[in-house]
Amino acid sequence: VQLQASGGGLVQAGGSLKLSCVASGNIFGVNVMGWYRQRPGMQRELVATITPGGDANYADSSKGRFTISRDDAENTVYLQMNSLRPEDTSLYYCKAEIILPRSTSTYIYWGQGTLVTVSS
């Protein structure tokens, strides 16, 4: 199983970016998917998560600016980021709880990180 994140880049403050993360491999199902970020010298922190039913949870810093969504047919999670600020500059990681074939357990997988840089 692999998670491949994409969509990062350089944007001016106030701009927008959309991140994507595709889970691929021998997957039976996908439970909660989410985005986290880690700035230099800081711990990885929650950005947003979304359940298979579409219930979303956001960090306070994300509310009103970011929107998480998913396409279960494609095992893909998205993060639409609007009104970006310089403090949003970070490596963004996707995370997924994967159900493997012939298993009743879920396994945590992380993507490789995609860099978002917001200039002032």
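Cys94 is buried, with a relative accessible area of 0%, where buried means under 20% (1.4 Å probe, protein chains only). The model is a predicted one, in which local features need pLDDT of at least 70 and side-chain atom pairs count only at pLDDT 80 or more, while totals for chains, interfaces and linings use all residues. Residues are numbered from 1 along each chain as its sequence is written, and side-chain values use heavy atoms, with hydrogens and water left out.

The partner of Cys94 is Cys21, with the two sulfur atoms 2.0 Å apart in a disulfide (cysteine sulfur atoms within 2.5 Å). This link connects distant parts of the chain, from Cys21 in strand E3 to Cys94 in strand E9, 73 residues apart; strands are DSSP runs of at least two residues, numbered from the N terminus. Cys21 is buried too, at 0% relative accessible area. The link is right-handed, with 55° about the S-S bond, and a search of the whole structure finds one disulfide.

Strands E7 and E8 run antiparallel, joined by six bridges; pairing requires at least two DSSP bridges. Ile68 has Leu79 of E8 as its bridge partner, and Ile68 lies on the covered face of E7 with Phe66 and Arg70. Four residues separate the two strands of this hairpin, and Asn75 in the turn has a positive phi of about 50°.

Key
Buried means under 20% relative accessible area, exposed over 50%, partly exposed in between (1.4 Å probe, protein chains only).
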